[in-house]
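Keep the sequence and the model side by side. We will go from the overall fold down to single residues.

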Amino acid sequence: VLRIAPPDPRVCCAIGDIAFASKDYNRAVRWYKLATHAEFCGGFVDAMYKTFVPYMQLAVCLWYAGDKQQAKLYYLQAAAIQLTHPTVTANKKYFA
């Protein structure tokens with residue numbers, strides 16, 4: 001039985017990063033959101049690729065896409081996980 005499933009969260013984030021680098025924020029948003037629902041496929045598990053990383057990237061992408069309200073919600077989710085992370089503290093002024 002062939003089962004098609006979403007890629008590993010790390011892969012989703014990597015594809016999101018490529019879209020982000022190309023300034024294709026809508027496509028990046030889709031991949032980062034997918035990362036939050038994807039399952040790890042083996043190897044080392046780093047839960048940050050299912051939570052903090054996509055949340056922070058969603059905040060940045062949505063900010064650039066003009067949806068500052070949604071961006072703030074994802075920023076707050078990322079901050080709840082890693083309040084002292086340098087990316088969270090560096091972006092705090094934008095989401096105050």
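Contact here means heavy atoms within 4.5 Å. With that rule, take the contacts in the chain between residues at least 6 apart in sequence: 54% of them join residues at least 24 apart. Keep in mind that this is a predicted model.

Start with the fold. The chain has 5 helices and 0 strands. Read along the sequence, the pattern is α-α-α-α-α. The chain has 96 residues, and 32% of them count as buried.

Two packed helices are described by the angle between their axes and the distance between the axes. Helix H1 covers residues 9-21, and helix H2 covers residues 25-37. Their axes come within 8 Å and cross at roughly 170 degrees. An angle over 145 degrees counts as roughly antiparallel, so H1 is roughly antiparallel to H2. Which residues of H1 and H2 make the contact? On the H1 side they are Pro 9, Cys 12, Cys 13, Ile 15, Gly 16, Asp 17, Ala 19 and Phe 20. H2 contributes Tyr 25, Arg 27, Ala 28, Trp 31, Tyr 32, Leu 34 and Ala 35. By class, this contact of H1 with H2 has 12 nonpolar, 1 polar and 2 charged residues.

Next, look at the loop between H1 and H2. Lys 23 lies there. At 61% relative accessibility, Lys 23 counts as exposed. Check its backbone too. Most residues other than glycine have a negative phi. Lys 23 is not a glycine, yet its phi is positive, at about 65 degrees.

Go back to H1 for the cysteines. Cys 12 and Cys 13 are both among the H1 residues that touch H2. Are they buried or exposed? Cys 12 is buried, with a relative accessible area of 0%. Cys 13 counts as buried as well, at 1% relative accessibility. A disulfide is a covalent bond between the sulfur atoms of two cysteines. The disulfide count comes to 0.

Then find the largest nonpolar core. It has 24 residues. The largest share, 8 residues, comes from H3. Which residues touch the most other members of this core? They are Met 56 and Tyr 75. Leaving aside neighbours within four places in sequence, Tyr 75 is in contact with Met 56, Ala 59, Val 88, Asn 91, Lys 92 and Phe 95.

Finish at the loop between H3 and H4, where Ala 65 lies. At 44% relative accessibility, Ala 65 counts as partly exposed. What does Ala 65 touch, not counting residues up to four places away in sequence? The partners are Tyr 25 and Asn 26. Ala 65 and Asn 26 are 39 residues apart in sequence, but their C-alpha atoms are 7.4 Å apart in space. Tyr 25 also belongs to the contact of H1 with H2.

Notes: Residues numbered from 1 in each chain as written. Predicted model: local features only at pLDDT ≥ 70, side-chain atom pairs only at ≥ 80, totals over all residues. Heavy atoms only, no water. Axes fitted to C-alpha atoms, helices over the stretch in contact; angles between N-to-C directions. Helix = DSSP H or I, 4+ residues; strand = E, 2+ residues; numbered from the N terminus. Parallel < 35°, antiparallel > 145°, perpendicular 65-115°, else oblique. Nonpolar A, V, L, I, M, F, W, Y, C, P; charged D, E, K, R; others polar. Core = buried A, V, L, I, M, F, W, Y, C linked by side-chain atoms within 4.5 Å. Buried < 20%, exposed > 50% of the residue type's maximum accessible area, 1.4 Å probe, protein only. Disulfide = S-S within 2.5 Å.
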